[in-house]
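Look at the structure first, then read the points below.

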There are 2 protein chains.
Amino acid sequence: MVLETIPEPLSTEELATVDAWWRAANYLTIGQIYLQDNALLRRPLEPADVKPRLLGHWGTSTGLSFVYAHVSRLIRRTGQETVYLAGPGHGGPALVAAGWLEGTYTESFPAVTRDGDGMHRLFRQFSSPGGIPSHASVTTPGSIHEGGELGYVLVHAFGAVMDNPDLLAVAVVGDGEAETSPLEGAWKGISFLNPARDGAVLPVLDLNGYKISGPTVLARKDPALVRSLLEGHGYHVLEVTGEDLPGMHHRFAGALAEAHHRIRAIQHAARTGQAPDGVPAWPVVVLRSPKGWTGPSVVDGEQVEGTWRAHQVPLSGVKENPEHLRLLEAWMRSYRPGELFDADGRPTELVHANDPAGDLRMSATPHANGGLLTRDLVLPPVADHALQVDRPGTTRAESTRRLGEYLREVYRANPTTFRLFCPDETNSNRLGAVFEVSDRTWMERVVPGDVSLSASGRVVEVLSEHNCHGWLEGYTLTGRHGVFATYEAFAMVSASQTVQHGKWLEEAEHLPWRAPVPSLNVLLTSTAWRNDHNGFSHQGPGLIQTALTQRAAVSRIYLPPDANCLLEVADHCLRTRSRINLVVIDKQPQLQYLAPAAAAEHVRRGAGVWDWAGTDDGTQDPDVVLACAGDVVTMETVAAAAVLRERLPQLRVRVVNVVDLMRLRRPADHPHGVDEFTFRELFTDHVDVVFAFHGFPGAVHQLVHGRPHADRFHVRGFIEEGTTTTPFDMTVRNRVSRYDLVLDALNNASRLPVGAGDLRAWCQGQLERHRAYVVEHLEDMPEVRDWTLPVG
Amino acid sequence: MVLETIPEPLSTEELATVDAWWRAANYLTIGQIYLQDNALLRRPLEPADVKPRLLGHWGTSTGLSFVYAHVSRLIRRTGQETVYLAGPGHGGPALVAAGWLEGTYTESFPAVTRDGDGMHRLFRQFSSPGGIPSHASVTTPGSIHEGGELGYVLVHAFGAVMDNPDLLAVAVVGDGEAETSPLEGAWKGISFLNPARDGAVLPVLDLNGYKISGPTVLARKDPALVRSLLEGHGYHVLEVTGEDLPGMHHRFAGALAEAHHRIRAIQHAARTGQAPDGVPAWPVVVLRSPKGWTGPSVVDGEQVEGTWRAHQVPLSGVKENPEHLRLLEAWMRSYRPGELFDADGRPTELVHANDPAGDLRMSATPHANGGLLTRDLVLPPVADHALQVDRPGTTRAESTRRLGEYLREVYRANPTTFRLFCPDETNSNRLGAVFEVSDRTWMERVVPGDVSLSASGRVVEVLSEHNCHGWLEGYTLTGRHGVFATYEAFAMVSASQTVQHGKWLEEAEHLPWRAPVPSLNVLLTSTAWRNDHNGFSHQGPGLIQTALTQRAAVSRIYLPPDANCLLEVADHCLRTRSRINLVVIDKQPQLQYLAPAAAAEHVRRGAGVWDWAGTDDGTQDPDVVLACAGDVVTMETVAAAAVLRERLPQLRVRVVNVVDLMRLRRPADHPHGVDEFTFRELFTDHVDVVFAFHGFPGAVHQLVHGRPHADRFHVRGFIEEGTTTTPFDMTVRNRVSRYDLVLDALNNASRLPVGAGDLRAWCQGQLERHRAYVVEHLEDMPEVRDWTLPVG
């Protein structure tokens, strides 16, 4: 039986090289934190050698390097393709040191040569202006994980190995990070990981005991409880505890070998059809070693090693404190740099011998620079899924259902490079057609009566926005494509992930060696306006506000008004790289406006005048512009225009629909921003604009700031008024109903024909009747479902 | 030994009344979902009796009512004060039914009488316009938990019982919710719960097996693994499985009695000094029963009961489908309504006998209407902690350190009604003075060398924004006071909680029976501008954008520029009710501007002209206004004004500082908005304003929209440009440095004195020198720490 094979012990030579590599990494870590000169300690350390500002996180770095050194040995032994994710990413210097030792750093940043000069530069650039950040981040070769905001290391790891059968993701989980909710929610990734077709995640729970200023929950728990917890999640627990050397090397090497062996056995069984059903007991390693291991033990009479005092800079005030300077030098020399770096400052053969070859180096794996591996999706023709629309606003359809059929074909044509992630709402969001091609991924028990559920499924549903978002990040950062579809309001649950992933993409643009990765596509559906039935908690278009704050290079927001526009937007988004594409559209049956060709043109322009909806003949400026962005408010706007056309035909009304919200920005502020000429063509330069917006009005206010006479934009939108009610009542409560828009138009038009007063009274009457009806009847009201637009 | 007492079994009478109560609740749940007439089934059901739109969630409701009925019995037996939290809050009708049966509903909503007419109204109002939402929510008597966004039931429960020694929070965790990350991260609450002084949380994990459209992870796991998981978290697991009646009644009553007994034993031991150290094994009940239990088993040949098909409305199209109508009637009659409601539609004595008395009814507990129990905080005099400031901008201090000393006194004066919640950053945020009065709460092992850590501590640190935010919500909703202090960037982690809690407070304002609760105070510190050392991931003032979208009744944003203003703001916030108060200020040493009295006046006004900083003598309009909101940008603005005063004294410059951001809004939009006269006094009505803002510029753009000539506001702020660098470089990268502001002033002033060209060249030179220095030196640069302002 494979499982009983005894892992090969560390040979004397291997021990020497693993230990040397670890010492070298630790030396380089300290150098980055402390030194601006005398990198190789060719002379006694002087105050001037020390940086004026000491930054960095020693406490976690040594554990990260320890694990790294041993995984490198495993790779050399096995040829295992591996990506390394440092959950305690504050240990950036450890990862930077690894890349420099492996030569990758110099490949990415040629100025940082792998010699004494380069080491000098490596030290000076760390955490310095013009240099590099203190975390493992986008600037770190081999990283697909920014370690600043804690909690996401496991979700990134699981996303990375989905459909990557040969990849192992070693994910170091810090015990501070282990307290976060996203991390605790991420252990369940194995319930969605199919060993026959996906790679493996090996979590290393690094219990060094402390976070910034206190102990951690898991480190202080009885180890039996920690075991019970991880076993409850379904893992096989391997434990390595201590600080003795070389004992820890031998024990950790053994645990790692056993873990890898178990992974291979699980995969072998699954890939040869010998695996039982259910979730295999994937290994997890629990490593208990002192925080700041091998660092200064006691400083100024206080215990530092093995406590929270080792978190950042264990020796402070080194420039001014001769004793601390002496301790620093002794500490650095304790790693015996003479054995580690040759006369030119290059890593010696002893150290180098631990490095895997070429792309097997974890700092060089192309999986961590996923754009290198990205293949364009094979996309189905949009036309195959387009709706026939003969006259605008006369038919209804569930737009997202069309998208579901389109995505079904994307799945079919790209069976291993595309996934849809969704918190259990694929059917609810009308995207269920994908199940005709792929089941839901499910490694837990399947029982009779289950629908579209199997280990071979690739649609990923888990009731956790954090997992969905994070898995998609991991999936795209390793070069594959996908969509995260979620209820609009609950997109705020993972808003911080959207922000942080945006920062990653923003920074990646400045790194020529980073190949662009597929965009993160977020479909916000089941929107505020049509969560009338679910109530106020489900009504929140807040993610738009957040996306607006991201850099223009990354941020995209699309509000297609109907199915054909949605298909065009989807087709576009799936072709892009390095963007966060928010696409906002509801799932309920909705009016359809544009035939396929018109939709393609409209989406290409991003915003346009809808002649058929207005009474503006184009020969002169209109009296008022009715603009809209978003499906429901577009319906209300078109209906308002129809009311005006019918009841006050002399008023010149122009209707403008905006699909690509960034068109509103100035070209200097966003690449999609329309120039002044186009802006004037749409909105004139002085006529008042009644703008009905899907989200919070402030979004449009900030977008049009700086445009000519921005004060003339009167924005209606979601003003945080909601409850369980009818769709139409939602628009009344938020003052964006057709009647409100007509009143706004009359209040702001540059010229009012005779009859405006009557129309105003009629609209007010309609609104009063509606409100009275709501109060009196306490029951469901008919939505204005059959509003058909009298078009020419 | 208390623990060995055998819980008393359900007597025949108790069984009858618990079961009758449960049947009554189920009947009322179905009625709310389906009926608009014929509530008591006095005649055969007709299509016209059925609502036109069927909304609600049957699947989870029956389990919620089952647990509720049994907890009521426990309360009657023991007099235990209990608050009930429904994690699967979509089961709103179950909770509404409970309140109606207990009479509380009629007390809160007198129109909904406890008789046939009231039942009719109860049914019609549910999920109807003008009625009530479909979730357990703020409108539900007895609720402190909105069930729309899943994941927070345990954090709310733990927050509710902190410092509430006599309170039990029964928290039903749905198995869908159990997949969310916030919920998974919340089990650890017991590591922070002291049985000697806090109440208890009894989680009931309701594994009915399914979420909207598929099975759940925990329900499909081997029960041994679920046990292992919960035991790993530290709980004692009690399991109840089945659907047989009355067997389930007996077994669940037994489990509940045992759980309660264990809780009492744990508390007794702790309160009599007999408890061992460490986290006691609090009980958790795992209830496995079919989804939609007692509902239609098979409909149209498909299994419904016990599957995801029972999630919402198990019988659809009832108005049109005579067979479904027949099934509905049979289903409702299966509860034998004749036994449950008397001729007038009132609950019979059989049902009523299950209700606890008065405030012990869970729907009536004052803990769930915490404003009733709120006592004002005893606040220390601000003057005791104020800084002496002789001349503006000449001294530096860590403002939050002063706040820490103030909060220390708040702790001292309010030992059981105030708490600070923080993700392990209390010291880092310079609030550590609180530890002079209270340790950190810690029930896990304490070892020699631990600092400020004990079971008796009341400062709550856990590395989880979700827990901190949620615990504070639970703490304030039950009437106590607190502050959540966090790194500004990571406030986005819990942004969705901020949004949802805001919705709760917004709705509560419209319910006269809800007493206002203490505000949720969020201190955002370690801000973007001074996370220069931690880098880009730590630089994000995004929560301001989110807070701006909340209703004006709730949303408050304060940006005190210095310590004395911060103290005044804190004093104000801790006196308020029903607000979300964001307070934004960094923790690093920063310039101090205002003496105590001036700070009090400035904060009272919320915005004011700083005469001492500008050259505007007030006799005529200035040439340009330099406005600012936020500490670092205020320093840059004051410095820019000093440069102008020194180098271009003829330019009339007015400096305006804004503390209360909502002052910028129009009075019609926000109660804090200044009127037009005051706005003009601050900003004139036509002079250009260079506005240096702490957050994203779009925030100010949307706030000033609609003010006179809003286009003249040129807003500088955080434009998502960051890295690990110096504080000053952060301002340069984001174009809000003193030199950038001087250039902006010169570019926008209405009049330029001679010498402006030279000054422009000088500023550009300063910026070029800075950038060259960054590129060349790759090392730390001196912050402009010693900028002292030449004031008159």
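**Domains and chain pairing**

Chain A is divided into domain 1 (2–373), domain 2 (382–590) and domain 3 (608–777); these bounds come from an automatic or database domain assignment. This is a predicted model: local features need pLDDT of at least 70, side-chain atom pairs count only at pLDDT 80 or more, and totals for chains, interfaces and linings use all residues. Residues are numbered from 1 along each chain as its sequence is written, while chains are lettered from A and ligands numbered from 1 in the order in which they are written.

**Domain 2 against domain 3 in chain A**

- The centres of domain 2 and domain 3 of chain A, taken over C-alpha atoms, are 28 Å apart.
- In chain A, 27 residues of domain 2 are in contact with 31 residues of domain 3 (contact: C-beta atoms, placed from the backbone, within 7 Å).
- On the domain 2 side, helix 17 (542–547), strand 15 (555–558) and helix 18 (563–573) of chain A each supply at least two residues.
- Strand 15 of chain A gives the most to that side, with three residues.

**Chain B against chain A**

- 106 residues of chain B touch 106 residues of chain A.
- Elements giving two or more residues to the chain B side include helix 9 (223–233), helix 16 (495–508) and helix 25 (756–777) of chain B.

**Symmetry**

- Chain B superposes on chain A by a rotation of 180° with 0.0 Å of shift along its axis (RMSD 0.0 Å), fitted by least squares on the C-alpha atoms of residues with pLDDT of at least 70 in both.
- That is the relation of a two-fold axis.
- The same surface serves both copies, as 100% of the contact residues of chain B recur in chain A.

Definitions and conventions: Two residues are in contact if their C-beta atoms, placed from the backbone, lie within 7 Å. Helices (H or I, at least four residues) and strands (E, at least two) are DSSP runs, numbered from the N terminus.
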